[in-house]
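Please keep the sequence and the model in view while reading.

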Amino acid sequence: MRPNARLCRQLLAQRRAFSSTARRLDNYAFIGLGQMGYQMARNLQSKLPPSDSVRIYDINRGAAEKLAQEMSAQQAGGASVHVADSAADASREADTVVTCLPEPQHVKATYESILKSGLPARPGPRLFIDCSTIDPTSSREVAAAVDKALPNGQGHFVDAPMSGGVVGATAGTLTFMLGCPESLVARSEIVLQRMGKRVLHCGPQGAGLAAKLANNYLLAIENIATAEAMNLGARWGLDPKVLASVINVSTGKCWPSEVNNPVPGVVETAPANRDYSGGFGIGLMRKDLRLAILAAKEADAKLVLADKASEVYETAESEERCKGRDFSVVYRWLGGKE
């Protein structure tokens with residue numbers, strides 16, 4: 001589709017969504033209130049009109065109740081909020097369901113419980129937006145289950161994994177990688193832009209996850225290589241800041257060298273300056289790398305560095321001094337000078 005045509009379509013969809021004329025009230029469900037989902041749900045609710053409603057659910061009911069209290073206490077308004085008793089309860093009257101869950105088995109089990117509960121008809125088709133990072137095959141299986149349970153266009157499932165971490169989720173600056181038909185882009189964008197800053201349509205359902213995992217595979221390799229290069233330079237007697245400045249104006253420049261440099265003192269805002277706390281956890285990188293390897297095997301794509309990278313992250317995470325910290329902590333595991 002030509003860029004000007006897409007812009008016109010977006011503007012038309014937004015005009016319909018935000019029109020000041022009378023409109024049908026919209027019901028939302030948000031399921032999965034971990035570190036990312038908690039902040040995403042908060043942003044979504046705060047940017048919806050008071051006439052809309054959001055039902056939130058997490059297996060940790062305390063997290064859902066805490067978030068509901070925070071939402072109700074805010075001065076700026078936002079949609080009404082209710083704590084649901086289950087994923088099915090949250091979704092029953094929802095026009096749009098957003099899920100943000102840890103692993104493929106959690107996504108499958110959650111949607112199975114929703115679809116088996118016997119969803120009543122809604123005035124229009126339901127939209128299910130899954131922001132979880134899982135493998136594309138599992139996502140397509142869930143999409144097929146939605147199509148089967150809600151035939152004739154009664155329900156649509158799209159994948160929209162995100163990038164930006166907890167900081168981006170809190171600030172509402174996430175980037176979403178959307179996998180869905182062109183016909184669902186505008187409606188999906190309106191919801192996602194309430195939780196983030198950018199939505200990149202990557203192709204049909206499953207394409208968002210494929211893009212996310214390909215990117216994170218590259219990131220996993222770059223992170224290890226940056227840690228090795230910085231450690232090598234330090235042992236040769238180079239000032240880490242000088243070495244980083246050379247790399248970042250040369251062909252080795254990458255996000256781990258420029259933004260998330262693993263050497264304390266090089267980039268002020270990097271987790272390395274906070275004893276590697278915060279940031280993108282090494283366990284999450286292990287998970288994404290595992291999913292990328294699984295997807296690559298299914299696609300018969302050769303990843304020659306994958307197994308060694310997995311070994312590095314697994315071994316590093318097993319050490320207490322690295323466990324639970326930002327994935328740049330592999331520099332510490334390598335014996336880098338801090």
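## Charged pairs

Glu-311 is partly exposed, with a relative accessible area of 42%, where buried means under 20% relative accessible area, exposed over 50%, and partly exposed in between, for a 1.4 Å probe and protein chains only. The model is a predicted one, in which local features need pLDDT of at least 70 and side-chain atom pairs count only at pLDDT 80 or more, while totals for chains, interfaces and linings use all residues. Residues are numbered from 1 along each chain as its sequence is written, and side-chain values use heavy atoms, with hydrogens and water left out.

The side chain of Glu-311 meets that of Lys-308 in a salt bridge with an N to O distance of 3.2 Å, a salt bridge being a side-chain nitrogen of Lys or Arg within 4 Å of a carboxyl oxygen of Asp or Glu. Both residues lie in helix H13 (residues 306-317), 3 residues apart, or about one turn of the helix; helices (H or I, at least four residues) and strands (E, at least two) are DSSP runs numbered from the N terminus. An α-helix has 3.6 residues a turn, so residues three or four places apart point the same way. Lys-308, for its part, is exposed, with a relative accessible area of 51%.

The structure holds 16 salt bridges, and one of them joins the side chains of Glu-93 and Arg-122 at 3.1 Å, N to O. Because Glu-93 lies in the loop between helix H4 (87-91) and strand E4 (96-99), and Arg-122 in the loop between helix H5 (104-116) and strand E5 (126-130), the pair ties together parts that are 29 residues apart in sequence. Glu-93 is partly exposed, at a relative accessible area of 37%.

Arg-122 also forms a salt bridge with Asp-95, the closest N and O atoms being 3.1 Å apart. This pair again links distant parts of the chain, with Arg-122 in the loop between H5 and E5 and Asp-95 in the loop between H4 and E4, 27 residues apart. Asp-95 counts as buried, at 4% relative accessibility. Elsewhere, Asp-275, Arg-325, Arg-332 and Glu-338 are linked in a network of salt bridges.

## Helix H12 and its neighbours

The axes of helix H9 (residues 207-235) and helix H12 (residues 282-299) come within 9 Å and cross at roughly 120°; axes are lines fitted to C-alpha atoms, for helices over the stretch in contact, and angles run from 0 to 180 degrees between N-to-C directions. H9 is therefore oblique to H12, given that angles under 35 degrees count as roughly parallel, over 145 as roughly antiparallel, 65 to 115 as roughly perpendicular and the rest as oblique. Lys-212, Leu-213, Asn-216, Tyr-217, Leu-219 and Ala-220 of H9 make the contact with Met-285, Asp-288, Leu-289, Leu-291, Ala-292 and Ala-295 of H12, contact meaning heavy atoms within 4.5 Å. These residues divide into 9 nonpolar, 1 polar and 2 charged, where Ala, Val, Leu, Ile, Met, Phe, Trp, Tyr, Cys and Pro count as nonpolar, Asp, Glu, Lys and Arg as charged, and the others, Gly among them, as polar.

The axes of H12 and H13 come within 10 Å and cross at roughly 155°, and the two helices are therefore roughly antiparallel to each other. H12 passes H13 in a left-handed crossing. Among the residues making this contact are Met-285, Arg-286 and Leu-289 of H12 and Ala-309, Tyr-313 and Glu-314 of H13. By class, the contact of H12 with H13 has 8 nonpolar, 2 polar and 3 charged residues.

## Backbone features and a covered helix

Most residues other than glycine have a negative phi. Asn-152, although not a glycine, has a positive phi of about 60°; Asn-152 is found in the loop between helix H6 (136-149) and strand E6 (155-159) and counts as exposed, at 79% relative accessibility. Phi of Tyr-276 is also positive, near 65°, but Tyr-276, in the loop between helix H11 (255-258) and H12, is buried, with a relative accessible area of 0%.

Helix H8 (residues 185-192) is mostly covered, with 7 of its 8 residues buried, including Val-185, Glu-189 and Leu-192.

How values were computed. A crossing is left-handed if the near helix is turned anticlockwise from the far one by less than a right angle, and right-handed if clockwise.
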